[in-house]
Amino acid sequence: MQLVLEKRAERSTVIALVSPVIAIGLTIVTMSILFVIIGKNPIAALNVYFITPLTDAYSLQELAVKAAPLVMIAIGLSLCYLANVWNIGAEGQFLVGAVAGSWLAVKTHGTDAGAWVLPAMMLLGAMAGALYALIPAFCKVRFGASEILVSLMLVYVADLLLDYLVRGPWRDPAGFNFPTTAEFDPVATVPLLFEGGRLHLGAAIALVIVIGAAVLLGRTIKGFEIRVVGAAPRAARFGGFSSNQLVLLTFAISGALAGLAGIIEVAGPVGHLQPGISPGYGFTAIIVAFLGRLNPVGILIAGLFLALTFIGGEQAQIAMKIPLDITKVFQGILLFYVLACDSLILYRIKLIMPQRKVADGAT
Amino acid sequence: MELLEAIILAVLAASTPLLLAASGELLVERAGVLNLGVEGMMIVGAACGFAGAWATGSTFIGALCGIFAGVALSLVFALMTLGLAVNQVATGLALTILGVGVSGLIGAGFVGERISTAPRLYIPGLTTLPFVGKILFGEDAFVYVSLALVIAIWYFLYRTRAGLILRAIGDNHVSAHALGYPVLKIRMFAVMFGGGCAGLAGAYLPLAYTPFFVPGMTAGRGWIALALVVFASWLPGRLVIGAYLFGAVSILQLHAQGWGVGVPSQLMSALPYLATVIVLVLISRTRSGGSTAPAALGTVFVPDR
């Protein structure tokens, strides 16, 4: 008996729609087993993870707050992955965007600078993220260096840069030696959507970006070029599309979005620059992009779901003393199942009975 | 002279995990499979290696636990990429994300615990030789194993029939399949071997490099090992040079701080990563004529029956 893959004549649209759902289902089954192994009641744990955060207004807002950076970054990454280039350094671009925007907040701190500060910070963050992402893209198109490795190495560099700045030149003199900048001024802070809530302008910006990406991919020539270069590079060459130019473009867009997410996170929910501003948004966004099938609307839904794992993970740690690392295990397993289920869109699994041996024996 | 001896010893120690992980990955890539999950397998190897050594008090058992963990994770990768023909880049990333979580989960109970580091070789008369004694005859077993591994891989790839078949599969899996070689089976063994090497490399860190476990202690070494394979142009001999160069760079940061060089410590810590970027650019540039990478590297193969 043997299992083999057989290529389908065409993509299965049914499986394309249900595969993320199957993947989430399989992940939840696997997680239940894992909860039993670490000696926790799986029903109670799943309840804390997935149901409790959805039952009160504060958590629901928190969900959108956590989903906003994930969705922004994942939209950019999906453009790269559609074009078949691998930006896996979004975490670094996020941090650099946060650093660049914070520079202005630190410089204008305590001055009577006007309302231009926040838009300028966002612009700086997006530009810095784009430039940082262009390093691996440039190394790839100019020298042929692996964009995967270069973009990842730059994550560590960005992390150390941020660490240096908040421990050195930008440290808050009144901060009791904690590695953090001063709390940003009101003009350098992302405004809340509702007074007294948690939801801020970042969530609205993320929605605009989702719509923008849907238009770009569905309604413009550039979006068409991106998809053709990824899906059929040979056809793209015949069509006269410059794949190098698209590598640079998709990296620049994804870097800009990651950088923007970074500065919004710092100027919004965090309020100052410090190490550990990201619980791994840049890496989790990779999962969001795949779970959302590299489709803007799919990414929005997937972003909310993975935001739930962050909040659920925090609550499970508080309520049930489940280690926070289980969230990463959860996300890793989810990505595995998503990829495995996606394989079934292109292939069907066939069970082959050992008939040949019987036939051999008969002759 | 004593300082030089200390530096060489430190460089050897810092290079060994890179060499172990990179030599395993080199064999995997020679079979045409790109496993980007080295970092994930290493970090789980580190946690399991520490757990094994902590429970039994034996470095050897710890190393075996690390190898076993690496092989187990690599089997997941093999099932996905070889069995289900999933994109290797995405699967490798998933393996790293999963590995970081699993190692945190396993290692959570061991933070702050200490174990005794791996014993070092001692040959009376030889180890006590001035200068070369400690460097050549006073290392821990991992250093010798890593060098033996590179020689074994070189011998396997270039002097055995099985190695020739493996390289053929890595260069053109369709032809190799047409000749009747079991492409997926051989690739699976290669991936498992790479997983074992990565697990051992990870286990080296808490077993011999530092006597304790820290979450995230691999600190990107798995990714640097991947870059080393590119640096070495997929040739085992050059891997040794590359690994020791990178070991030297990472030791430089410690000593530069000791000498009171007036640069931020973060800049020194960033050196290995910056060096990796520069090396990748330079090596890719000099090769502009044609790539030396295995031709089928990273492509999926679904055998037609």
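What pLDDT does chain A average, and what share of the residues score at least 70? Chain A averages a pLDDT of 89, with 97% of the residues scoring at least 70. Keep in mind as you read that this is a predicted model. Let's go through the confidence scores, then each chain, and then the places where parts meet.

**How confident is the prediction?**

- For chain B, the mean pLDDT is 88, and 95% of its residues reach 70 or more.
- The model as a whole scores ipTM 0.88 and pTM 0.91.

**Chain A: its build**

- If you count the elements of chain A, you will find 14 helices and 2 strands.
- Chain A has a radius of gyration of 23 Å, close to the 21 Å that the globule rule gives for 363 residues, so chain A is as compact as a globular protein of that length.
- Along its principal axes, the C-alpha trace of chain A spans about 95 × 60 × 35 Å.
- Of the 363 residues in chain A, 51% are buried.
- Take the contacts in chain A with a separation of 6 or more: residues 24 or more positions apart account for 78% of them.

**Chain A: two domains**

- Chain A is divided into domain 1, made of 1-38 + 323-363, and domain 2, which covers 41-320.
- The centres of domain 1 and domain 2 of chain A, taken over C-alpha atoms, are separated by 30 Å.
- Where the two domains of chain A touch, 15 residues of domain 1 are in contact with 13 residues of domain 2.
- On the domain 1 side of this contact, helix H1 (13-37) and H13 of chain A each supply at least two residues. The largest share of that side comes from H13(A), with 8 residues.
- By type, the residues on the domain 1 side divide into 12 nonpolar, 3 polar and no charged.

**Chain B: its build**

- Chain B has 12 helices and 0 strands. Reading from the N terminus on, its elements run α-α-α-α-α-α-α-α-α-α-α-α.
- A compact globule of 305 residues would have a radius of gyration near 19 Å, and the 19 Å of chain B agrees with this.
- The C-alpha atoms of chain B fill a box of roughly 60 × 45 × 45 Å, taken along the principal axes.
- Of its 305 residues, 53% count as buried.
- Among contacts in chain B between residues at least 6 apart in sequence, 78% join residues at least 24 apart.

**A closer look at Leu136(B)**

- You can find Leu136(B) in helix H5 (residues 132-137) of chain B.
- Leu136(B) counts as partly exposed because it has 13 C-beta neighbours inside 10 Å, while a residue needs 20 or more to be buried.
- Leu126(B) is 10 residues away from Leu136(B) along the chain, and their C-alpha atoms are separated by 8.6 Å.

**Where chain A meets chain B**

- The contact takes 38 residues from chain A and 39 residues from chain B.
- On the chain A side, strand E1 (2-7), helix H5 (117-143), helix H6 (147-167), helix H11 (281-291) and helix H13 (325-346) each supply at least two residues.
- H13(A) gives the most to this side, with 12 residues.
- The chain A side divides into 28 nonpolar, 6 polar and 4 charged residues.

**The largest nonpolar core**

- How many residues does the largest nonpolar core have? It has 231 residues, and those with the most contacts inside it are Val71(A), Ile73(A), Val288(A) and Leu228(B).
- Helix H3 (residues 57-82) of chain A gives the most to this core, with 16 residues.
- Each of domain 1 and domain 2 of chain A provides at least three residues of this core.
- Leaving aside neighbours within four places in sequence, Leu228(B) is in contact with Leu18(B), Ala22(B), Leu239(B), Gly242(B), Ala243(B) and Phe246(B).

Definitions and conventions. Residues numbered from 1 in each chain as written. Chains lettered and ligands numbered in written order. Predicted model: local features only at pLDDT ≥ 70, side-chain atom pairs only at ≥ 80, totals over all residues. Helix = DSSP H or I, 4+ residues; strand = E, 2+ residues; numbered from the N terminus. Rg over C-alpha atoms; globule rule 2.2 N^0.38 Å. Buried ≥ 20, exposed ≤ 12 C-beta atoms within 10 Å, placed from the backbone. Contact = placed C-beta atoms within 7 Å. Nonpolar A, V, L, I, M, F, W, Y, C, P; charged D, E, K, R; others polar. Core = buried A, V, L, I, M, F, W, Y, C linked by C-beta atoms within 7 Å. Domains from an automatic or database assignment. pLDDT = per-residue confidence, 0-100.
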